[in-house]
Amino acid sequence: GLPHPYVLSLFRDAAANIWAGSRTGLMRLRDDELRLFTTREGFPTNSPSALLEIAPERWFIGSQNSGGY
């Protein structure tokens, strides 16, 4: 299951990965494997509320507390 019950953002990228932002980080579902990205791995925020793929593997990520990256 998901590490947090509330999803703040949801996106399907060009490679068919499903991304979900929650209050515990950014989750990626790829080939039935769920991976969580947090500030511990160098991710800029643990609460991504907006996701936009601007080019393959290039993202704009908006956060409720810290702005955009």
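What follows is a conversation about reading strands, turns, rings and a pocket in one predicted model.

Biologist: Before we start, what kind of model is this, and how are residues numbered?

Modeller: It's a predicted model, where local features need pLDDT of at least 70, side-chain atom pairs count only at pLDDT 80 or more, and totals for chains, interfaces and linings use all residues. Residues are numbered from 1 along each chain as its sequence is written, and side-chain values use heavy atoms, with hydrogens and water left out.

Biologist: Okay, strands. Which strands form the open sheet, and in what order?

Modeller: Some ground rules: helices (H or I, at least four residues) and strands (E, at least two) are DSSP runs, numbered from the N terminus. Two strands pair if DSSP finds at least two bridges between them. Here, four strands make an open sheet in the order E1-E2-E3-E4, with antiparallel pairing. E1 and strand E4 (33–37) are the edge strands, each pairing on one side only. From one strand to the next, the twist averages 20 degrees; for such angles, axes are lines fitted to C-alpha atoms, for helices over the stretch in contact, and the range is 0 to 180 degrees between N-to-C directions.

Biologist: How many bridges join E1 to E2?

Modeller: Five bridges join strand E1 (residues 7–12) to E2, and the two run antiparallel. A hairpin of two residues joins E2 to E3.

Biologist: Is strand E2 mostly covered or exposed?

Modeller: Buried means under 20% relative accessible area, exposed means over 50%, and partly exposed is in between (1.4 Å probe, protein chains only). Strand E2 (residues 18–22) is mostly covered, with four of its five residues buried. For contrast, look at Leu36, which lies in strand E4: Leu36 counts as partly exposed because its relative accessibility is 30%.

Biologist: What should I look for in the turns?

Modeller: Most residues other than glycine have a negative phi, and most peptide bonds are trans. So which residue in the turn between E1 and E2 has a positive phi? That's Ala16, at about 70 degrees, in a hairpin with five residues between its strands. Ala16 is partly exposed because its relative accessible area is 38%.

Biologist: Where does Asp32 lie?

Modeller: In the loop between E3 and E4. Asp32 has a positive phi of about 65 degrees although it is not a glycine, and it counts as exposed because its relative accessible area is 79%.

Biologist: And what about E5 and E6, how do they pair?

Modeller: In the antiparallel sense, over six bridges. Glu53 stands opposite Trp59 in E6. Their hairpin has two residues between the strands, and Glu57 takes a positive phi near 65 degrees there. Asn46 counts as partly exposed because its relative accessibility is 29%.

Biologist: How many aromatic pairs does a search of the whole structure find?

Modeller: Rings of Phe, Tyr and Trp (its six-membered ring) pair if their centres lie within 6.5 Å; planes under 30 degrees apart count as stacked, over 60 as edge-to-face and the rest as tilted. The search finds three pairs. Phe11, Trp19, Phe37 and Trp59 are linked into a cluster by ring pairs.

Biologist: Last one: what is the volume of the largest pocket?

Modeller: On a 1 Å grid over the protein atoms alone, a cavity is a set of points where a 1.4 Å probe fits but cannot get out, while a pocket is an open set with protein on both sides within 12 Å along at least five of seven lines; lining residues have an atom within 4 Å of a point. Grid points are joined across faces, edges and corners, and a volume is the space filled by probe spheres set on the points. The largest pocket has a volume of about 240 Å³. Of its 13 lining residues, the closest to the centre are Asp13, Trp19, Glu53, Glu57 and Trp59. Strand E3 (25–30) and strand E6 (58–63) are the elements that give two or more residues to this lining.
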